[in-house]
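Here is a friendly walk through some helix packing, chain contacts and backbone details. Have the structure open beside you while you read.

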Amino acid sequence: MNSKTAFYIIKRILLAILTVWIVITVTFFVMHAVPGGPFMSEKAISPAAQAALEAKYGLDKPLMTQYGTYLRDIVTKFDFGPSLKQRGRMVIDVIGDGMKTSVKLGVVAAVLAAVIGIVLGAVAALRRNKLIDKIIMVITTAFVSMPSFIMGSLLLIIFAIKLGWLPANGAAKGGLVLPIITLSLYPMAYITRLTRSSMLDVLGQDYIRTAKAKGVSGTKIIFGHALKNSLIPVITYFGPMLAYIVTGSLVVERIFAVPGIGRAFVSSITNRDYPMVMGTTIVLAVLIVVMNLVSDIMYKIVDPRINLE
Amino acid sequence: MEKKEKIPFTMHVDLEAFIPATEEEKAYMVQMRKSSTFFRDGVKRLLKNKVATVSLIVIVLITLASLILPAVWPYSYEDMLGVQPGKPVDNSYNNLSPFKYGTTEQARIAAGEKIFPHVFGTDASGRDYFIRVVYGTRISLAVGFFASIIVLIIGLTVGSIAGYCGGTVDLVIMRIVDIIYSLPDMLMVILLASVMKMTLGPVIEGTVLEKIGSNIISLFVVFGVLYWVSMSRLIRGQILSLREQEYVLASTAAGAKGGWIIRKHLLPNSISVIIISTALQIPNAIFTESYLSFLGLGVNAPMPSLGSLASDALNGISSYPYRMIIPAIVISLIVLSLNLFGDGLRDAFDPKLRN
């Protein structure tokens with residue numbers, strides 16, 4: 001790693017921190033711009049009770065003070081305050097509970113997408129313009145243009161309702177299978193196409209021809225030279241893939257009633273549970289920003305020739 | 001005509017060269033075909049591309065159907081058929097299967113009257129489902145189209161200013177773009193949409209905007225705030241490379257002002273890139289709208305959009321799966337054909353991008 005790479009990494013980390021700070025700030029002020037405050041939807045309460053509630057949650061203080069406290073609590077204690085609708089619970093606990101299921105869902109979906117996508121992409125590239133390549137390309141095109149909620153609903157109708165092979169409820173035993181498949185199909189299709197095009201690119205390079213001329217065996221060329229180099233662009237997709245999985249899990253968890261963070265987020269929006277909405281947005285945003293950072297830095301380290309500016 | 005021997009180096013003029021042309025000879029000079037323009041070439045290339053042509057036909061058909069059918073269809077998207085003034089609610093109209101009729105309609109059919117069938121049945125509130133799908137398609141298409149136009153206008157303005165001015169202006173704008181670009185867009189969209197939904201309602205009450213609905217407006221605002229960045233990046237890049245061209249220098253030397261150069265030289269030369277990326281923006285916007293509608297942040301009820309129809313269908317999915325499948329097919333068809341058509345446009349109009 002030379003000084004230029006190090007400089008790039010430092011710059012990238014600073015941008016990530018700035019992004020996270022902006023997300024927190026935007027989220028805070030946007031949520032506080034809502035007229036009426038969080039207790040409006042409640043039944044009519046006396047002014048005294050209202051004042052007591054506001055004092056309890058620190059809503060009577062000036063906005064900038066609230067903002068300072070909020071920011072400090074997040075940075076020092078990772079504390080997003082109490083949930084308004086789930087009385088007696090802290091936002092971070094609710095998020096943590098949901099994360100247990102959602103992380104399982106997301107990680108398995110991501111690994112599945114990466115493994116199958118790379119294999120299918122390599123197969124398509126090596127059998128270019130053959131029948132198998134065409135089939136793979138048609139299927140992936142269809143998957144790429146199908147919104148996740150439609151994919152999920154169709155899988156639900158086919159495998160849970162018509163065939164009855166898998167449970168429709170995500171909380172049941174084996175209930176995570178369908179949500180995982182739903183979440184992984186789009187990134188899988190995308191990775192397949194990415195691997196295919198970058199592999200085709202690599203296979204046309206001079207060093208592959210040199211290797212062939214030296215008499216290196218076909219398998220060794222594919223695994224030793226071609227695959228390794230064609231995976232570099234795939235690394236950059238890891239960040240966006242996580243972003244897709246996070247946003248996709250919002251609808252997938254709704255469709256399959258998975259008790260994860262996505263469902264908690266959606267219901268907190270409909271419930272107007274402001275601290276919950278803010279907390280979840282920030283946690284998920286940090287996750288995405290960090291993942292983008294990691295995949296960018298990995299990309300730079302793996303292939304220092306690339307200029308990311 | 002006999003061939004005469006040519007005598008070099010004489011002052012004798014070959015008179016034959018001055019004989020008026022015969023009709024036959026004139027015919028050679030007639031322009032058989034108009035010289036082609038860039039645009040016409042592109043259209044020709046586009047029409048040669050079968051996938052793109054079929055996609056275009058699908059898009060045109062769907063658009064026309066969504067515009068015309070609601071006007072001629074005997075049912076409306078918001079009429080609950082079981083609810084008649086002065087009578088108790090007739091529940092037989094709720095959740096009708098395709099081509100089935102409610103009790104009063106059956107009585108009228110028995111009396112020899114012809115009743116227009118409910119092609120896709122009715123929904124849980126007794127509304128004709130076919131017309132809801134058609135109307136939802138119209139809303140989704142309109143949202144996609146206008147959102148892309150908003151993105152285009154903002155991206156175009158900011159991008160061309162950044163690219164043309166350069167220096168500090170460019171630096172500041174591009175840092176802002178960088179930051180917006182690195183924000184997790186979907187999360188911000190959800191956040192803004194959910195907040196604007198509550199804030200906008202009272203503000204626009206009683207105005208024309210109320211008819212459009214606070215949710216759609218907030219969707220447009222969200223698009224305007226977040227999605228212009230990639231468009232402005234693209235246009236800035238185009239302008240940066242174009243403004244180094246000689247004809248821009250010539251124009252500057254002739255005393256042209258900045259706005260003139262942007263309008264007359266830089267934009268026309270980057271128009272194909274602009275059109276292509278706008279076309280590819282539309283399916284994206286439709287995607288986002290349906291996603292938000294599915295989460296309950298889309299259009300205001302009773303107005304349907306394809307996303308909200310799918311979302312509503314989720315509640316009765318085990319009994320009425322077709323209510324999910326129909327909007328699902330329509331939305332996939334629209335997004336797929338728009339994407340394929342956009343790809344075709346790119347291949348036809350931006351030869352540089354072709355390999």
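This is a predicted model: local features need pLDDT of at least 70, side-chain atom pairs count only at pLDDT 80 or more; totals for chains, interfaces and linings use all residues.

As for the geometry, the axis of H4(A) (residues 91–126) and that of H12(A) (residues 274–302) come within 9 Å and cross at roughly 55 degrees. An angle from 65 to 115 degrees would count as roughly perpendicular and one under 35 as roughly parallel, so H4(A) and H12(A) are oblique to each other. The crossing in which H4(A) passes H12(A) is right-handed.

The axes of H6(A) (residues 148–162) and H7(A) (residues 177–203) come within 9 Å, and their crossing angle is roughly 140 degrees. Roughly antiparallel would require an angle over 145 degrees, so H6(A) is oblique to H7(A). The crossing of H6(A) and H7(A) is right-handed. On the H6(A) side, the contact is made by Ser148(A), Met151(A), Gly152(A), Leu155(A), Leu156(A), Phe159(A) and Ala160(A), which meet Leu178(A), Ile181(A), Thr182(A), Leu185(A) and Tyr186(A) in H7(A). Nine residues of this contact between H6(A) and H7(A) are nonpolar and three are polar, while none is charged.

| Helix pair | Axes come within | Crossing angle |
|---|---|---|
| H4(A) and H12(A) | 9 Å | roughly 55 degrees |
| H6(A) and H7(A) | 9 Å | roughly 140 degrees |

Now for the backbone. Most residues other than glycine have a negative phi. Asn129(A), however, has a positive phi near 65 degrees without being a glycine. Asn129(A) sits in the loop between H4 and H5 (131–144) of chain A. Is Asn129(A) buried or exposed? With 8 other C-beta atoms within 10 Å, Asn129(A) is exposed, since 12 or fewer is the cut-off for that class. Ala257(A), which is not a glycine either, has a positive phi of about 50 degrees. The loop that holds Ala257(A) runs between H10 (232–255) and H11 (261–271) of chain A. Ala257(A) has 15 other C-beta atoms within 10 Å and is therefore partly exposed.

Chain B is divided into domain 1 (42–79 + 127–353) and domain 2 (80–126). Domain 1 of chain B gives 13 residues to the contact between the two, and domain 2 of chain B gives 13 residues. Within the side of domain 1 that touches domain 2 in chain B, H5 (129–165) and H15 of chain B each supply at least two residues. H5(B) gives the most to that side of domain 1, with four residues. The residues of this side of domain 1 of chain B divide into six nonpolar, one polar and six charged.

Conventions. Residues are numbered from 1 along each chain as its sequence is written. Chains are lettered from A and ligands numbered from 1 in the order in which they are written. Domain bounds come from an automatic or database domain assignment. Two residues are in contact if their C-beta atoms, placed from the backbone, lie within 7 Å. Ala, Val, Leu, Ile, Met, Phe, Trp, Tyr, Cys and Pro count as nonpolar, Asp, Glu, Lys and Arg as charged, and the others, Gly among them, as polar. Axes are lines fitted to C-alpha atoms, for helices over the stretch in contact, and angles run from 0 to 180 degrees between N-to-C directions. A crossing is left-handed if the near helix is turned anticlockwise from the far one by less than a right angle, and right-handed if clockwise. A residue is buried if 20 or more other C-beta atoms lie within 10 Å of its own, exposed if 12 or fewer, and partly exposed in between; C-beta atoms are placed from the backbone.
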